[in-house]
Amino acid sequence: MTEPSESRATRVRSGLRDWPPLLLVAARFTFVVVPAIFFVRFPRGSFGRVLLIGTFMSAGQFGLLYASMALGLPAGLTSIVIQIQAAFTVIVAALVLHEIPTRRQIIGILIGLVGLAVIGLSLQANVPIVAFLVAVGAALSWATGNVIARGVKPGTNGVQMTVWSALVVPIPMVALSMLIDGPAEVAHALTHPTWGVVASVVYTAGLASPNSSAESCCSSASP
């Protein structure tokens with residue numbers, strides 16, 4: 001875990017105090033898209049691949065991640081659990097692309113899974129197991145996005161992929177938030193933004209997204 005990742009999680013937590021998690025995700029990616037999409041060209045490759053990357057690496061990963069924190073997973077622990085995506089990436093690549101993991105990767109996967117199990121078995125009583133499992137789901141979604149991103153054409157600009165794949169996120173997240181939290185709560189949140197929400201969205205959209213998503217879109221992780 002790095003300090004910036006824990007800092008991002010802490011910023012997210014500040015927004016979750018006042019807004020539903022999926023609505024906060026929608027706001028984050030709205031500001032990743034606008035106004036950048038008017039100045040960034042569509043990335044090389046098929047629309048379908050951009051759609052899949054947006055679905056798994058952006059909507060799936062962050063929707064589940066924010067939900068896990070809203071369910072009670074502490075920010076610091078969230079930053080640790082999400083790193084299992086590196087091991088999951090190797091596993092998904094082996095299952096889908098039939099890549100054979102190296103001995104070093106297998107050792108890394110085993111260490112990562114044992115560590116994840118230890119964390120899951122040692123959760124404090126006030127941390128719901130479902131919050132932990134949802135965070136693991138976020139890591140799996142990120143890993144799936146990593147594998148899909150391997151099909152991106154060489155030389156593809158990471159910022160282009162980040163901005164255009166982010167276009168997938170806002171509308172489905174708002175729709176899911178209305179379904180889960182109710183139209184009244186969503187409407188109240190939108191009409192009563194707090195400084196905590198503003199700070200969370202500005203920080204994660206303006207600083208965290210370009211530094212993390214652009215890099216992960218065009219590179220693969222390994223343990």
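Trainee: Which exposed residues does the face of H9 turned away from its buried side carry?

Mentor: That face of H9 carries the exposed residues Ile171 and Leu179, where exposed means over 50% relative accessible area, buried under 20% and partly exposed in between, with a 1.4 Å probe and protein chains only. Before we go on, note that this is a predicted model, in which local features need pLDDT of at least 70 and side-chain atom pairs count only at pLDDT 80 or more, while totals for chains, interfaces and linings use all residues. Residues are numbered from 1 along each chain as its sequence is written, and side-chain values use heavy atoms, with hydrogens and water left out.

Trainee: What are the buried residues of H9, and why do they line one face of the helix?

Mentor: The buried residues of H9 are Pro170, Met173 and Ser177. Seen down the axis of H9, these buried residues fall within an arc of 65°, so they line one face of the helix; the arc is that of the directions from the helix axis to the C-beta atoms. They pack against helix H2 (21–33), helix H3 (47–70), helix H8 (158–166) and helix H10 (183–191), and contact here means heavy atoms within 4.5 Å.

Trainee: How many residues does H9 have, and how far does it reach from its first C-alpha to its last?

Mentor: Helices are DSSP runs (H or I, at least four residues), numbered from the N terminus, and the expected span of a helix is 1.5 Å times one less than its number of residues. Helix H9, residues 170–181, has 12 residues and reaches 16 Å, close to the 16 Å expected. Just after H9, Gly182 takes a positive phi of about 100°.

Trainee: At what angle do H2 and H9 pack?

Mentor: Two packed helices are described by the angle between their axes and the distance between the axes. Axes are lines fitted to C-alpha atoms, for helices over the stretch in contact, and angles run from 0 to 180 degrees between N-to-C directions. H2 and H9 pack at about 165°, with their axes 8 Å apart. That makes H2 roughly antiparallel to H9, since angles under 35 degrees count as roughly parallel, over 145 as roughly antiparallel, 65 to 115 as roughly perpendicular and the rest as oblique. The contact is made by Leu22, Leu23, Val25, Ala26, Phe29 and Thr30 of H2 together with Pro170, Met173, Val174, Leu176, Ser177 and Ile180 of H9.

Trainee: How do the axes of H3 and H7 cross, and where is Leu64?

Mentor: The axes of H3 and helix H7 (residues 129–149) come within 8 Å and cross at roughly 165°, and that makes H3 roughly antiparallel to H7. Leu64 has its place in helix H3 and is partly exposed, with a relative accessible area of 33%. Not counting residues up to four places away in sequence, Leu64 touches Ala59, Val134, Gly137 and Ala138.

Notes. Helices (H or I, at least four residues) and strands (E, at least two) are DSSP runs, numbered from the N terminus.
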